[in-house]
Amino acid sequence: MTLLEIFKIILLVLLIVCAVGVNLTKRLLPAIIIFMAYSTIMAVVWTLLESPDLAVTEAAVGAGITSILFFLTLRRLGREALKDPADEEDAPGTDPTADSDPVPGSEHRREVRS
Amino acid sequence: MLDALLNNYQEAVAIILFGIGFATLLFQRNLIRKLIGMNIMDAGLFLFLTSLGYIHGRKAPIIEEGKILSEAFINPVPSGLVLTGIVVSVSVTAVMLALTVRLYKRYHTLDMDEIYAMTLIEREEND
Amino acid sequence: MKEFLRACFRKDSSGMEEFLNTEEKPDVSRQIRKSAVRKWQESLLSNPEMQKEIQRRQQRYHVLYRIIAVISCILFIAVMLYMIAHLPLYGFKNPRADVVASRYIEKGLEETGAVNVVAAMILDYRAFDTLGESFVLFTALVCTTILLRFGAKDKNRFVAEPVFDTSSDTILRVIGLFLVPCILLFGIYIILNGHLSPGGGFSGGTILGASLIILSASAGFTTTDRIFTYKRLNIMTFAALGFYSLSKGFVFFVGANGMHNPIPKGIPGAILSAGLILPLNIAVGLVVACTMYGFYSLFERGMIGHA
């Protein structure tokens, strides 16, 4: 087993760790950053698999554009979406009934700006 | 069987990645996490295809000067397929994220189950 | 009816399809159903036992969903791993999959003039496939525009929270000043050398798009709006796709009728070689770059250019 092969196996293990790590994070932002790392590792794996075309594309697309789109979506949704339910209960001054009956329609639109 | 799996470890990892992505898609209720799971599935599938084309000791299919021998290069077909697949996956992700933004704008939640329950209530009220 | 209402009040969605199917039958008139909903809501509010019952059912469906999901996941992975154990050995030549590949490698340089076999494959042998791919990108941009674009006059505009104006940041602006030309040049290099080295329209176009994104993030949208108005973006995409379709249509027509192809192949390895692959790379790169910048602009502020 060559050194390069050992390196590849380490990278593959890291890929699995990253894919599981996305599910274990509580917040969305770390999950997206872990996904970014996953894409970057994937680009390195593809250089090891002798497919430089794919490596260039994946580094630009997976780690670049897709992550930027995810970040922009989070920014667009505002802070409410980023909040995790466990934090919301602990936070002082939040109304617990505000989330319980979200009637669809414009009247009950939650303030995105905080 | 285990021997064969260990020999084909790269494909096995690709399938495990695909399975993890599938599980993320099934078990996470948050729409954005579902999308990340879909992207993980995509990458696992691409890794599987690329692994099928890889051959030990051969180089990337860029012909240098001299003899053109098919024994010197890896299989270029999976590379070409995956190259286009990556770009399609990013456009699919963009459309999905746009839909997510619209859903959040209407229902103010990213939870898939809540959105589904709300659509049912809405339909009942509209009837 | 009762079951359906109960399903409505569950936040859990699992197992709702059966109720949906029964709801299709027009046996109950709307008025009766509406009043029934209200009555049911009131009784729910007043009856704690019923709430408990609903919660119990919700829990049960949730557990059922989880069990089915776990079983399907494990089954899927097991079947696929079983399949992998019977695949040909990793890293060795697969004789069944080698016929097409060796044909592409051996005849590719002679038939297309491109040194990069992957580029020869996706832009010559399978050019029709790549055309569809470009149209997928264009369609995705159109869909995103429909979903996210709000004009300046739109009252329902869903403006993002102005957390951080990126163009006002000095560090970002200065770094962007140095980074953008380098990335832009790298993207152009990758597109123009698509037939000679790894890369091509897709990867180079994404890099170009990334450099445009960095430019608009560091220098503000006023800079990029001068170049990329909505109209110009549309014209560029249309011109690129039209050029692709027309040129490839011409080649297909010529090839199918057994005529001589007038496009010169050039010397392999030179920048002006490989026939149509270089212009097609540029066209694909333009489409991809426009699409990526359009995505960014739409997600960032809900419009492209001033429209």
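Let's start with chain B, where the mean pLDDT is 83 and 94% of the residues reach 70 or more. That score matters here because this is a predicted model, and pLDDT is the predictor's confidence in each residue. Chain A has a mean pLDDT of 74, with 68% of its residues at 70 or more. Look at residues 86-114 of chain A in particular: pLDDT stays under 50 there, and the model has 20 contacts beyond four places in sequence for this stretch.

Now for the overall build. Chain A has six helices and zero strands, so if you follow the chain from its N terminus, the elements read α-α-α-α-α-α. Chain C also goes without strands: it has 12 helices and zero strands. Of the 114 residues in chain A, 37% count as buried, while buried residues make up 32% of the 307 residues in chain C.

In chain A, 47% of the contacts with a separation of 6 or more come from residues 24 or more positions apart. For chain C, among contacts between residues at least 6 apart, 73% join residues at least 24 apart.

Next, see how the chains meet. Chain B puts 51 residues in contact with 56 residues of chain C. On chain B's side, the elements that give two or more residues are helix H1 (2-7), helix H2 (9-27), helix H4 (76-107) and helix H5 (112-126). H4(B) gives the most, with 16 residues. Sort this side of chain B by class and you get 32 nonpolar, 12 polar and seven charged residues.

Chain A touches chain C too, and that contact takes 18 residues from chain A and 20 residues from chain C. Helix H3 (residues 52-77) of chain A gives the most to chain A's side, with 14 residues. The residues on this side of chain A split into nine nonpolar, four polar and five charged.

Where do the chains come together on the inside? The largest nonpolar core has 122 residues, and those touching the most other members are Leu15(A), Tyr38(A), Leu69(A), Leu17(B), Ile40(B), Ile277(C) and Val287(C). H12(C) gives the most to this core, with 17 residues. Pick out Leu69(A) and check its partners: leaving aside residues up to four places away in sequence, Leu69(A) touches Thr93(B), Ala94(B), Leu97(B), Phe295(C) and Phe299(C).

Let's go back to H4(B) and check its length. Just after H4(B), His108(B) takes a positive phi of about 55°.

From its first C-alpha to its last, H11(C) reaches 38 Å, close to the 39 Å expected at 1.5 Å a residue. Leu233(C), Thr237(C), Ala240(C) and Tyr244(C) are buried in H11(C). What covers the buried residues of H11(C) includes helix H7 (127-148) and H12 of chain C. Just past the end of H11(C), Gly258(C) takes a positive phi of about 70°.

Most residues other than glycine have a negative phi. Glu50(A), however, has a positive phi of about 60° although it is not a glycine. You'll find Glu50(A) in the loop between helix H2 (28-48) and H3 of chain A. Is Glu50(A) buried or exposed? It has 22 other C-beta atoms within 10 Å, and 20 or more are enough to count as buried, so Glu50(A) is buried.

Finish with a loop residue in chain C. Ala270(C) sits in the loop between helix H11 (230-256) and helix H12 (277-301) of chain C. Ala270(C) has 12 other C-beta atoms within 10 Å, and 12 or fewer counts as exposed, so this residue is exposed. How far apart are Ala270(C) and His195(C) in space? They are 75 residues apart in sequence, and their C-alpha atoms are 9.5 Å apart.

Key:
Residues are numbered from 1 along each chain as its sequence is written. Chains are lettered from A and ligands numbered from 1 in the order in which they are written. This is a predicted model: local features need pLDDT of at least 70, side-chain atom pairs count only at pLDDT 80 or more; totals for chains, interfaces and linings use all residues. Two residues are in contact if their C-beta atoms, placed from the backbone, lie within 7 Å. Helices (H or I, at least four residues) and strands (E, at least two) are DSSP runs, numbered from the N terminus. Ala, Val, Leu, Ile, Met, Phe, Trp, Tyr, Cys and Pro count as nonpolar, Asp, Glu, Lys and Arg as charged, and the others, Gly among them, as polar. A nonpolar core is a set of buried Ala, Val, Leu, Ile, Met, Phe, Trp, Tyr and Cys residues joined through C-beta atoms within 7 Å. pLDDT is the predictor's confidence in each residue, from 0 to 100. The expected span of a helix is 1.5 Å times one less than its number of residues.
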